Amino acid sequence: MKRLALRTGVRWKISIAIAAVSALVAVALSLVVHNAAQVSMLDNAREVQLERLLLAERMYDTTKQLKFGTKVDDPGLPPELSARTGQGRRATFVQASDDDVPDVWAAVPLGNGTVLSLHSKFADRSTMIMRDLDRALLIGSVSVVFGCCALGVLIGGQLSRRLRKAAAAAGRVAQGNTDVRVGDAVGGVVRDETDELARAVDALTDALNERIEAERRVTADIAHELRTPVTGLLTAAELLPPGRPTELVRDRAQAMRTLVEDVLEVARLDSASERAELQEVALGEFVERRVRALYPYASIQVVEESWVSTDPRRLERILGNLLTNAAKHGGTPVEVTVEGRVVRVRDHGPGFPEVLLREGPSRFRTGASDRAGHGHGLGLTIAAGQARVLGARLTFRNARPDGGTGAGAGEPGSGSGGAVAVLWLPEHAPTTTGSFPMPQFPEQQRQFGGASGGDRASRP
């Protein structure tokens, strides 16, 4: 069973920890102060009571009169005090009472074997002082707890803010923006473990970039070196006499040439040096004409026309790869829908493999054998790369047999409704330098919602 996890921020964890520690310290100090004050006041009351008793004893020896409420052989004398006076010692004793105000006793033995004693309630003034002290300790403790909690929120908020900045910067790096430096995004004057984490992430990013660039260069060099001999092989194959062997040689040579060109295109896309050549096009009309030329068997539906600023050549490349993938690995009919700035290509085959839905297209990985038993896995990779150059986003889903898409569409056995590739064109086209505002796609909150768009008058 999946364990339930309580998710909370660093800010509140630090605040709760500081508040709990400050509360424990405040309670402990309050108890120590209260007990120390009470013991000190009771000791003072004992001394005062004993001095009064000694004064009453001298007066009794002289006048034989009891003063200050003293008694001889008081029957209410506590046993502990009686035991001490029986040893010939004068002593004091504090006796608890039902009204929470203790009795303070003092006793002294007389020469004839009797005991002179005096007792009175703990002074009312002392009781009021203790109550005022307890109230002050309570108010002080609460104030300290709230102050420490506010301090914890401040400290935790600063740390949480730095961690969130680091996470956001790392997320941009993961999306392919390798120019972002996590250390610069974190900033701040005080250096702590967050800066160490940022430096480690930046070092990891640099190492990965170097490795990816080395891999791209190797791939591009190999493909470039293969281009010349493959072209020569294809030319030589054209000179062979007609026949079945010649057709096989030409077919394989052409397939190798296509593969080399695709690998070179992937390498160029990976280098992030490609720039879009923008034109204003009516998306619905453009898609309809290109689909008719590339795959005339597909059904086309333009729900809403929209003018977009895009690169027609790259957009045609994306459409061609999606239609080729649907024709090779999917099932008929193939449906193309244009709704605003959104283009959908759907087939009715076995659907995309689960690994592609989870991780996206990857070169030389063709997925499950039921959908991709042949090919090199470069078509969707190129389509996704060209979409990034356009500032667009290409998503992949599986449709349910009833025609819809849902959370369970990507699960094994739920893709019998076919595969759906959705191209979300951005509202703002890339600039001439290749940068563009982060595209916002509110329609992505729905599985098949319409995209923003409009007529020619409302185009960007």
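Arg-289 pairs up with Glu-285 in a salt bridge, with 3.9 Å between the closest N and O atoms; the term covers a side-chain nitrogen of Lys or Arg within 4 Å of a carboxyl oxygen of Asp or Glu. This comes from a predicted model, in which local features need pLDDT of at least 70 and side-chain atom pairs count only at pLDDT 80 or more, while totals for chains, interfaces and linings use all residues. Residues are numbered from 1 along each chain as its sequence is written, and side-chain values use heavy atoms, with hydrogens and water left out.

Both partners sit in helix α7, residues 283-294, and they are four residues apart, or about one turn of the helix. Helices here are DSSP runs of H or I with at least four residues, numbered from the N terminus. Arg-289 is partly exposed, at a relative accessible area of 43%, and Glu-285 is partly exposed too, at 45%. For these labels, buried means under 20% relative accessible area, exposed means over 50%, and partly exposed is in between (1.4 Å probe, protein chains only).

The structure holds six salt bridges. Another of them joins Asp-311 and Arg-314, at 3.3 Å from N to O. Here Asp-311 is buried, with 4% relative accessible area, and Arg-314 is buried at 3%. Arg-344 and Glu-339 also meet in a salt bridge, again at 3.3 Å from N to O. Arg-344 counts as buried at 6% relative accessibility, and so does Glu-339 at 17%. In general, side chains of opposite charge can pair when their charged atoms come close.

Helix α7 also packs with a neighbour. The axes of α7 and helix α8 (residues 312-329) come within 10 Å and cross at roughly 50°, which makes α7 oblique to α8. Axes are lines fitted to C-alpha atoms, for helices over the stretch in contact, with angles from 0 to 180 degrees between N-to-C directions. Angles under 35 degrees count as roughly parallel, over 145 as roughly antiparallel, 65 to 115 as roughly perpendicular, and the rest as oblique. The crossing of α7 and α8 is right-handed, meaning that the near helix is turned clockwise from the far one by less than a right angle.

Notes. Helix = DSSP H or I, 4+ residues; strand = E, 2+ residues; numbered from the N terminus.
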